[in-house]
Amino acid sequence: MKNLPLDIDVREIVSIAENLRNEYNSNNLDWVESPFAWIKCLPSRTKGKIGEQLIERWCTEQNFDVKPSPDSEADRIISGLRVEIKSSTLWKSGIYKFQQLRDQAYDLVICLGISPYDVHCWILSKKVILDQWKSGGIRSQHTGRQGTDTAWLSVNPSTPQIWLTPQDGRPTNAIKILRQFTKARQ
């Protein structure tokens with residue numbers, strides 16, 4: 001250890017911190033060699049921004065017209081549809097949690113799940129979001145008096161909810177579903 005003070009208490013705390021670091025690092029071994037490891041360690045807000053950028057660039061490469069939303073009620077305008085983009089890295093428990101779903105002015109929600117070596121994507125209409133929120137398929141995120149303003153969707157990619165099974169979470173199929181939505185809009 002370089003330049004450590006001689007104070008025994010400081011050295012003891014440094015030693016404890018190193019042990020803790022090893023414990024925390026072992027929790028993320030799945031991500032060590034992952035091409036997405038750099039995303040995993042970023043703050044939530046930054047991860048959300050990266051999720052939006054990934055979807056924007058991916059949709060652009062798939063020949064969709066993508067523009068920024070003129071307001072905070074949606075993240076992007078994709079081929080004329082107002083789209084909210086939610087992303088999640090895979091939790092230790094094997095689920096994605098797509099958070100901060102709200103009843104705002106959007107047509108679709110794109111949920112992008114990032115695992116160490118895989119990606120999942122679901123395209124959901126606002127109607128599906130609101131219907132599932134009312135029926136309990138999507139749960140309110142906060143409790144108490146303000147528990148109805150935001151919700152979150154938990155998805156285990158290997159056993160998604162029955163109402164998600166028409167979509168298998170594969171990006172190729174998500175693009176097909178997005179094309180269906182944009183064709184219906186025309």
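The following legends describe close-up views of a predicted model.

**View 1. Three strands of the predicted model form an open sheet.**
The strand order is β4-β8-β7, and the pairing is antiparallel. β4 (96-101) and β7 (139-140) are the edge strands, each of them pairing on one side only. In general, the strands of a sheet pair through backbone hydrogen bonds, in either a parallel or an antiparallel manner.

**View 2. Strand β4 pairs with strand β8 in the antiparallel sense.**
Strand β8 comprises residues 151-155, and four bridges connect β8 with β4. Within this pairing, K97 stands opposite S154 of β8.

**View 3. E56 and R76 form a salt bridge.**
The closest N and O atoms of E56 and R76 are 2.8 Å apart. E56 belongs to helix α3 (residues 44-61) and R76 to strand β2 (residues 76-78); the pair therefore ties together parts that are 20 residues apart in sequence. The relative accessible area of E56 is 27%, so this residue is classed as partly exposed. R76, by contrast, is buried, with a relative accessible area of 11%, a value that falls under the 20% limit for buried residues.

**View 4. The side chains of D71 and R82 meet in a salt bridge.**
The N to O distance in this pair is 2.6 Å. D71 is located in the loop between β1 (66-68) and β2, whereas R82 is located in strand β3 (residues 81-89); the pair links distant parts of the chain, 11 residues apart. D71 has a relative accessibility of 33% and therefore counts as partly exposed. R82 has a relative accessible area of 18% and is buried, since the limit for that class is under 20%.

**View 5. Salt bridges with shared partners join E52, E56 and R76 into one network.**
R76, a member of this network, is buried at a relative accessible area of 11%. E56, another member, is partly exposed at 27%.

**View 6. A salt bridge brings together the side chains of K67 and D65.**
The N to O distance between K67 and D65 is 3.4 Å. K67 counts as partly exposed, its relative accessibility being 45%. D65 is likewise partly exposed, with a relative accessible area of 40%. A search of the whole structure finds eight salt bridges, among them the pair of K67 and D65 shown here.

Definitions and conventions: Residues numbered from 1 in each chain as written. Predicted model: local features only at pLDDT ≥ 70, side-chain atom pairs only at ≥ 80, totals over all residues. Heavy atoms only, no water. Pairing = 2+ DSSP bridges. Helix = DSSP H or I, 4+ residues; strand = E, 2+ residues; numbered from the N terminus. Salt bridge = Lys/Arg side-chain N within 4 Å of Asp/Glu carboxyl O. Buried < 20%, exposed > 50% of the residue type's maximum accessible area, 1.4 Å probe, protein only.
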